[in-house]
Structure formats: structure tokens, C-alpha cells
Amino acid sequence: MTKIYVDLSDSSRAVPTIWTYNQFQNAHLLPTGQVSADLNDDTNTSTGVSLHIDAAFGGSGGGGTFATADAGEFDDVVLDSTMFTTNGGTGTLRLAGLPSGASYTIDLTGHTSSSARHTAFTVEGSSQDYLVGSASSPTAPVSFSGTVDPDGEIVIDVTKAASGQFYGYINGFILEYTTGPTGLTIDSTDSTMQRGTNFEVVCS
């Protein structure tokens, strides 16, 4: 499995090292069409996966110390600041260069200091709301799982939830995906395979 941590916050405090490998402070200033060509995994090794801004965000907020607890693997420093959409708008991120057919899980948070600002995340057409509790105690991440399409891409839309006010928020995300074959096919009609032949299959 390959695991990628992406920090989209503008926290003024230092984040844990694993979040610095793909840290995009002031990411709200990135225009539509902006591309980060090569994300690193949790060992700081390049993956060839790129991050695209398909619809720009509106601003960033926070940067203080309102979150006093982690949310799953999301450190409280990452949760202290957030990128948000324009009023009533949608921000869109696209991950490209993933292996076609790979299984993936992506976790997202939209924590902010206002308990009325809930976010709707849509990943490849499937939607979940991130509901903000209190400013100091972040809600657990929302999680999506699926199979990478033949185009090798995952699209993430961020907007306000139906129960939220004004904006959609994102602090960052954690993507985990398989890098090896997910199955094995053997052609039983292959005349070169003789009875009694020994062979070894290695899957990662």
C-alpha cells in the first residue's frame, strides 16, 4: 500500500513531519489549472501522483490554536486552519497518475472554529457531510473507498453541506491505495504450461 498525507492548511504552527512532505500553505491562492506534479508518500518518496486544482477555492481561515485534539490521523495543528470555497461555491481537487484498478481509501476533514459551518465532500460521485462539533474537539474524518477508474484519477468536490452556512472547508486529506496487482488470471489453454510445472506467484 502507498499512503499520502496532504496538508492544505495555513497553520502558523509547525505540523508533524509526515504532513510536511505535501504541504501547500496558501493553497487557497492556487488558481484553477494549478498542478503539483509529484506527491510524496509517507516515506517522503515520490509517487508520480499529481494534484490538480480544477475549481479554485476562495480563501483560508484559522491558523490559531482552537483545535486541542486530533481527529484520527489528522493532527490538531493541521485542523487549526482550513481552505474554504467561495460563498456557495465548489472547490474541486483532482488526483491523477494513480494505477488504474487500484483499491483506494481517502479520508478528509473540514474542521473549522464555527460549529455551523458544515461541509459536503463528494468523491467520484459519492457524497458525505463533515459536521463540525465544537472548535476544540474535531469530528472524525469522513472516509471514502473505491477503485481507481481507467483514467487513473480521483475527483474531490468541496462545498457547504445543506445544513451548513456559506462555505465548504478542507484541512487536508490522507490517501491510501494499492500499488500491486489486485488479481491473477491464468490462461488454461496455454500449451506451454505442462502438467507438473511448478511456478511461483508473488503479489504485493
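This is a predicted model: local features need pLDDT of at least 70, side-chain atom pairs count only at pLDDT 80 or more; totals for chains, interfaces and linings use all residues.
1. Overall content. Two helices and 13 strands make up the secondary structure of the chain. The chain has 204 residues, and 44% of them count as buried. Its accessible surface is about 9500 Å², with 47% of that belonging to carbon and sulfur atoms.

2. Contact range. Taking contacts between residues at least 6 apart in sequence, 67% join residues that are at least 24 apart.

3. Main core. The largest nonpolar core holds 32 residues. Within this core, L95, I106, L108, F173 and L175 have the most contacts. At least two core residues come from each of strand 1 (2-7), strand 3 (50-55), strand 6 (91-96), strand 7 (103-109), strand 8 (119-123), strand 10 (142-147), strand 11 (154-160) and strand 13 (172-177).

4. Another core, of eleven residues, lies apart from the largest one. Its members include W19, F66, A71 and F74.

5. Surroundings of L108. With neighbours within four places in sequence left aside, the contacts of L108 include F74, F121, V123, Y130, P141 and V142. F144, I156, I170, G172 and F173 are also in contact with L108.

6. Six strands, in the order 2-3-6-11-8-9, form an open sheet with antiparallel pairing. Strand 2 (35-36) and strand 9 (126-130) are the edge strands, each pairing on one side only. Inside this order, strand 8 and strand 11 run antiparallel and are joined by five bridges. A120 stands opposite T159 of strand 11.

7. Aromatic pairs. The whole structure contains six aromatic pairs. One of them, F84 with Y169, is tilted, at 5.7 Å centre to centre and 50° between the planes. This pair links distant parts of the chain, since F84 belongs to strand 5 (residues 81-84) and Y169 to strand 12 (residues 169-170), 85 residues apart.

8. Burial of the pair. F84 has a relative accessibility of 18% and therefore counts as buried, the cut-off being under 20%. Y169 is buried as well, with a relative accessible area of 4%.

9. Y167 is partly exposed, at 22% relative accessible area.

10. Cluster. F84, F166, Y167 and Y169 belong to one aromatic cluster.

Note on methods. Residues are numbered from 1 along each chain as its sequence is written. Side-chain values use heavy atoms; hydrogens and water are left out. Helices (H or I, at least four residues) and strands (E, at least two) are DSSP runs, numbered from the N terminus. Buried means under 20% relative accessible area, exposed over 50%, partly exposed in between (1.4 Å probe, protein chains only). Contact means heavy atoms within 4.5 Å. Accessible areas come from the Shrake-Rupley method with a 1.4 Å probe; for residues, only the protein chains shown count as cover. A nonpolar core is a set of buried Ala, Val, Leu, Ile, Met, Phe, Trp, Tyr and Cys residues joined through side-chain atoms within 4.5 Å. Two strands pair if DSSP finds at least two bridges between them. Rings of Phe, Tyr and Trp (its six-membered ring) pair if their centres lie within 6.5 Å; planes under 30 degrees apart count as stacked, over 60 as edge-to-face and the rest as tilted.
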